Amino acid sequence: MYGTRGWYYSINLAVLCVASAFFFSCQTNPREPSQNAQAVTSGNRVQSAPTGANVTSAEPEDGRWIMPAKNFASTRYSGLQDINAGNVSSLKLAWSFSTGVMRGHEAAPIVADNTMFIVTPYPNILYALDLTQPGAPVKWKYEPNPSASAQGVACCDVVNRGAVYADGKVFFNTLDNHTIAVDAASGKLLWNTQVGDINKGESLTMAPLVVKGKVLVGNSGGEFGVRGWLTALDANSGQIAWRAFHTGPDADVLIGANFHPYYSQDRGKDLGVASWPADAWRIGGGTTWGWISYDAEQNLIFYGTGNPGPWNADQRPGDNKWTAGIFARNPDTGEAHWFYQFSPHDLHDYDAVNEQILVDLPIGGQTRKVLIRPERNGYVYVMDRQTGQVLSANPFAYITSTRGVDLNSGLLLYNDEKKTEVGRVVREICPAAPGAKDWQPSAFSPKTGLVYIPHQNLCMDAEGLEANYIAGTPYVGANVRMYAGPGGNRGEFLAWDPVKGEKVWALPEKFPVWSGTVATAGDVVFYGTMDGWFKAVNAWSGQLLWQFKCGSGIIGQPISYRGPDGKQYIAILSGVGGWSGAIVAGGLDPRDPTGALGFAGAMSDLPDATTKGGTLYVFALP
Amino acid sequence: MFSPFLKATVVWSLIVCSLSCGVKKDRLPLAAASLPVSRPTGVLRVCADPNNLPFSNNRLEGFENKLADLIANELGERVEYTWWAQRRGFFRNTLKAGACDVVIGVPAAFELALTTSPYYRSSYVFVSRKSSRLHLASFDDPQLRKLKIGVQLVGDDAANTPPAHALSARNIITNVKGFTLYGDYSEPNPPARIVEAVEQGTVDVAIVWGPLAGYFAKHSRVPLEIVPVSPEVDQPFLPFVYDISFGVRRGDQDLKDRLEQILEKRRGDIDRILADYGVPRKDTKGGAI
């Protein structure tokens, strides 16, 4: 419904500058509740004007939060400003809600029709909370009862990154590959379509995106040998409209006459076959479990593909297209328009599933329609979203695995010394396998012109051989150990200037910052830590303004909305888990440093810092 | 390699004891086990895969099912199963979660369980049709450069089955067909597809873990040849031979001791069960290959 409006909105730069100056001058001196995290400011950013960025497809602030990314441009920016840098220090808990689920809670709450919708990790219960009543009681709940018959088949993690609201319906995915539409008012099932097969290792963990009456979803499970895809379902009927695979012949990938990639290495016939040995593409990975953005003006969606698998790198010579890259597609037909590969022939598990923020930026003296991708391989890519050209790719983290991106060829320059091989000890591979930034989405404020990036600071050693066992069969892998990168902090929350391509300020955090973030017009940015602190920082300086200790570590996505009472609220799900938090949610043995594919070794002190359990927290000014 | 949320699981480390005892350092005391040990009386609680012959299935047709019966019989207990697909997360959700007290087949000195002395040692093997007279025995056999080879894959990047690594290390790539070790779980015994491919001629040779190959070769409609791979340990350090033990929860020394007593006492019966299922043996007691 929102896509079909088709209007396009740009925030006037001059208005922005005035507004931001006003808000800065109005700001009182906020108290500092704690010195837990200290802002590292490079340059005198606080006083400077925004670099000037317009948000694509931005809608006027309506107080709702209908999709995890807030809008099609994926800014995660709230235009509400009742809560601001001057008064956020008095923010108080308004109400809370226990989900009753113990695994990692990564979802963003969704707010529409005076109701809040939250989807839990497996068993994927969808709750509707009535915001018009004191304490927001449960209005209805929908339990999809995902298959438990094949226990252990969908192994591993059970996260869900959120539901989405459109046109009176709530759409969400279940771990066992069902996309479900429920009537937002009644909780009545409208349709339920199975889009993948758990028996083949597929699962669904991403939040859908609804564009022009189509519900877009993609699969997870690359290391099981699944073939990645994105599919579109009709929002009214649940019927599959199209499916685009990410390996194989052009016909399967929906590559046709309108496909015009910017770089020559992405041009040619059936590269999804030719860039693999023999039939390796048939079980080649390239799944889709991250974020999709949409530009109504161009009528293009943008999303990334996961890493190649289950082949080891030596067994799959070639670029392994179309894995670890980004597609631009027509949402009506699925037809591909361009593609760019962040990590050709990926060696380090650098899935390219992160969010892309669509903005217009002044670059080289002209306004460019760009997308910003803080990428897993450690670079912030600024790309021309019309063509797929990489305009800049600057490191936002400590990187040893690659030496940069050649802007002429678009190629990532690998550092051969850091290639992992069985039996060879390779130390200090940075970033580690979860990347410099994993799924946790960043935000963009058109007021400050800054991107707020929650991420991790981890390196890894591949210390020779580790034997493993599965399905009655021994196998082997690198004995991976992860640890904090330079500085000793495992996480960081940073502000990035996408025009200058540089860090503005950064807040070191003890644990990886595995939560999302929300930026607000009140010059406050919110994020959470894995030991349970929900924090508000000044959008310009990074100064800590307020914090609240939640019951469990935070890996969810904060949102900002206006309640039926007209007040601004901030909401976050706490409930530690996910890959980084598996040591708590999965009860892993902290003595085994190689648990969770080496991640547990870097998190052995997390069980001392937090306990599991999902709770929603909602905050407001008194 | 690790799609976090699917990927995000656990690579359960283990030790190939016959080859690497002493390589691991800093073994922690058993007293620090995460769960208190309490076994219900009269019941041997076993966690097993319901769909993974020749090891186990929920019709109790696998050799691990037979071994569970044998143990329970000796203990004077009855077997109670918790069924769970043996994939990543298996040990976390079963043995460590307290859903059972024993897993019948685990590699010797598996880190997340307390393991008994091993009861068999097997090897990866070459499986081919007898009629094709390949007589493969070594990864360095030049025939491997032109034959269609089936190999099982799991994970990605630096985590994979030993033959997958051995082939790529020799640059044997274009003639390799990959089978996922997970397979399609809606079909019976998903890892068995690779042996069927040899039978059907889809591949000339498959390189498969011994017990899997031995059992399905035994039931094959066409005669299959099974030969252990060599070298037993490839360069730089890639073993193809593994010891298999019973696994109990860390700290359950009592059950471990009793299982080892049964291993001694019923050695002959255990060997017979393994032979019935065509398990290729590399240890002296079996000597099947």
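I began with a term: two strands pair if DSSP finds at least two bridges between them. I kept in mind that this is a predicted model.

I looked up strand β10 (residues 169-173) of chain A. Its partner here is strand β11 (residues 178-183) of chain A, and the two run antiparallel over five bridges. I then asked which residue of β11(A) stands opposite K169(A). I found D183(A) there.

I traced the order β9-β10-β11-β12 in chain A, an open sheet of four strands with antiparallel pairing. β9 (164-166) and β12 (189-194) of chain A are at the edges. Each has a single partner strand, so one side of each lacks a neighbour in the sheet. On average, neighbouring strands of this sheet are turned by 20° against each other, direction ignored.

I moved on to strand β21 (residues 357-363) of chain A. Is it enclosed or open? Five of its seven residues are buried, so the rest of the structure largely encloses β21(A). I counted a residue as buried if 20 or more other C-beta atoms lie within 10 Å of its own. β21(A) pairs with strand β22 (residues 366-374) of chain A, antiparallel, over seven bridges. V359(A) faces V370(A) across this pair, standing opposite it in β22(A). Two residues lie between the strands of the hairpin, where G364(A) takes a positive phi near 60°.

I checked the scores last. The predictor gives the complex an ipTM of 0.83 and a pTM of 0.89. Chain B averages a pLDDT of 85, and 84% of the residues score at least 70. Over residues 1-35 of chain B the pLDDT is below 50. Beyond near neighbours in sequence, that stretch has 117 contacts in the model.

Conventions:
Residues are numbered from 1 along each chain as its sequence is written. Chains are lettered from A and ligands numbered from 1 in the order in which they are written. This is a predicted model: local features need pLDDT of at least 70, side-chain atom pairs count only at pLDDT 80 or more; totals for chains, interfaces and linings use all residues. A residue is buried if 20 or more other C-beta atoms lie within 10 Å of its own, exposed if 12 or fewer, and partly exposed in between; C-beta atoms are placed from the backbone. Axes are lines fitted to C-alpha atoms, for helices over the stretch in contact, and angles run from 0 to 180 degrees between N-to-C directions. pLDDT is the predictor's confidence in each residue, from 0 to 100. Two residues are in contact if their C-beta atoms, placed from the backbone, lie within 7 Å.
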